[in-house]
Amino acid sequence: MTLVEAPVRRRWMTAYGLAMVGVAAGWFGPIQILLPEQAARLAGEGGKEALLALVTAWGAAVSMVANPLWGALSDRIGSRRLPIFIAGTVVGVAGLLILAGADSTPGMVLGWVLVQAGLNGPLAALAAMIGDRVPEQQRGTVGALFGVAQIVGVVLGTAVAVAVGQGAPGYVAVAIAVPALGAALLIIHRDEPVAAVERRRIHWAVLMRPGGQFAWAWLIRFLLNLVNALVLVYLFYYLSDRVGVGDAALWVLIVTVVNVLVAGVVGFAGGVLSDRWEKRKVFVAVAAVLLAAGTVLMALIPVVPVVIAASVLVGAGWGAYIAVDMAVITHVLPDAETRATMLGVANIAGTLPQLLAPVLAAPIVTALGGYQTLYLLTAAFALAALAALPRLRALY
């Protein structure tokens, strides 16, 4: 139960959304276009998948540790979020600039590791601000904004990479966009101490035990984020090698724009409706079904019109999920003074799939059935999340 009562204003929500757009652009511009192109340039056609998997796996491994560490640090300094936001942004921008000049595998790994380690700082701060500042009756709306801003950042990062150019210009442009979009929040947001509560030791075994409500919420978030990661990780190569499009970068942008426009509309509308109806579970259920349907289409009918239709389904499914994702997670948090720490643990469910996706996808694409097997497995993960949903009894 939240101790926050005062509603947040539109200007705060606008600045908050812009900051999240910047963080997402810093992540997904590289993931969608810049890293795949760089891997192909350095390793050639025969080794591009393996190099991309190596780089993204190292980054995701660091990300999985960085997010809870940033959150714990934020809680330790009196639930202050802005210092974490600033410090993490500086580290992430440094990583993007290193990637701009990287001409070797170690350079790519170092740059991407710093991006992941750094940008988890503002991500942890932004997630914690929902619990700090947003009352329960607005958490569907603001949580949807958190998710929609991420997918807008996907489009922005991808568009920048296409418009400015792949390679160093793209990385530099993204490195400028990240802090520029976060500037308004630094002006508007004021860190305030959370309401006094009794500090309690976190009993990890209790929180994560099978059957625990936090554990089920974590598992569902993990599975649906894994679906999203598997759709994205080799989209560039899927479109060029399996669908056979001529300009893969352009088609990644087209598919991404379709996906995120649908996800943005569904996500924001769903967040508002989930607050109004006071329902969360139904949105998660719809999300899982739509994600499964879209990935089955990608597996079975790899032609451009069907891929566009699949991107609509995947976008709608992801939008339905992000409409309630943060509301679900904040609903099962234990207390206010460990909010950022526990959100960091919850965010592992979002970052661990980035580690697992390339590890799972690379051998499947190259030796175990190709993209058809990959996307059918992705659909199975979505249905597994649907099967787990009834166990989340604390959620309405």
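The points are joined across faces, edges and corners, and a volume is the space filled by probe spheres set on the points. Why roll a probe at all? Because rolling a probe the size of a water molecule over the atoms shows where empty space is left.

A word on what you're looking at: this is a predicted model, so local features need pLDDT of at least 70 and side-chain atom pairs count only at pLDDT 80 or more, while totals for chains, interfaces and linings use all residues. Residues are numbered from 1 along each chain as its sequence is written, and side-chain values use heavy atoms, with hydrogens and water left out.

Now for the largest cavity, which has a volume of about 710 Å³. It is lined by 41 residues, and those closest to its centre are Phe28, Gln150, Asn225, Asn228 and Trp318. Lining residues are ones with an atom within 4 Å of a point. Which parts of the chain build this lining? The elements giving two or more residues include helix H1 (10–43), helix H5 (139–164), helix H8 (213–233) and helix H12 (304–322). Helices here are DSSP runs (H or I, at least four residues), numbered from the N terminus. H8 gives the most, with seven residues. Sort the lining by class and you get 24 nonpolar, 15 polar and two charged residues. In that sorting, Ala, Val, Leu, Ile, Met, Phe, Trp, Tyr, Cys and Pro count as nonpolar, Asp, Glu, Lys and Arg as charged, and the others, Gly among them, as polar.

The second largest cavity has a volume of about 50 Å³. Its lining includes Ala217, Arg221, Tyr321, Asp325 and Leu392, and H8 and H13 each supply at least two of the lining residues. By class, this lining holds eight nonpolar, no polar and two charged residues.

H10 is on the list of helices lining the largest cavity too, so let's follow H10 along its length. Helix H10 runs over residues 248–277, which makes 30 residues, and reaches 42 Å from its first C-alpha to its last, close to the 44 Å expected at 1.5 Å a residue. That expected span is 1.5 Å times one less than the number of residues. What caps the N-terminal end of H10? Asp247 does, with a side-chain oxygen 3.2 Å from the backbone nitrogen of Leu250. Inside the helix you'll find Thr256, and a polar atom of its side chain lies 2.6 Å from the backbone oxygen of Val252. Thr256 is buried, with a relative accessible area of 4%; buried means under 20%, exposed over 50% and partly exposed in between, using a 1.4 Å probe and protein chains only. Just after H10, Glu278 takes a positive phi of about 55 degrees.

Helix H15 (residues 370–388) can be checked the same way: it has 19 residues and reaches 28 Å from its first C-alpha to its last, close to the 27 Å expected. Among its buried residues are Gly370, Tyr371, Tyr375, Phe381 and Ala388.

Next, the rings. The structure holds ten aromatic pairs. Rings of Phe, Tyr and Trp (its six-membered ring) pair if their centres lie within 6.5 Å, and planes under 30 degrees apart count as stacked, over 60 as edge-to-face and the rest as tilted. Take Tyr16 and Phe146: their ring centres are 6.4 Å apart and their planes sit at 40 degrees, so this pair is tilted. Tyr16 lies in helix H1 and Phe146 in helix H5, so the pair ties together parts that are 130 residues apart in sequence. Both of these residues, Tyr16 and Phe146, are buried, and together with Trp12 they form one aromatic cluster. Another tilted pair is Tyr234 and Tyr237, with ring centres 5.6 Å apart and planes at 40 degrees. Tyr234 counts as buried at 0% relative accessibility, and Tyr237 does as well at 1%.

Finally, a residue that isn't tucked away: Pro169, found in helix H6 (residues 168–188), is partly exposed, with a relative accessible area of 43%.

Definitions and conventions
Polar contact = N/O pair within 3.5 Å; in protein donor to acceptor, adjacent residues only side chain to side chain. 1 Å grid on protein atoms, 1.4 Å probe; cavity = no way out; pocket = protein on both sides within 12 Å on 5 of 7 lines; lining within 4 Å.
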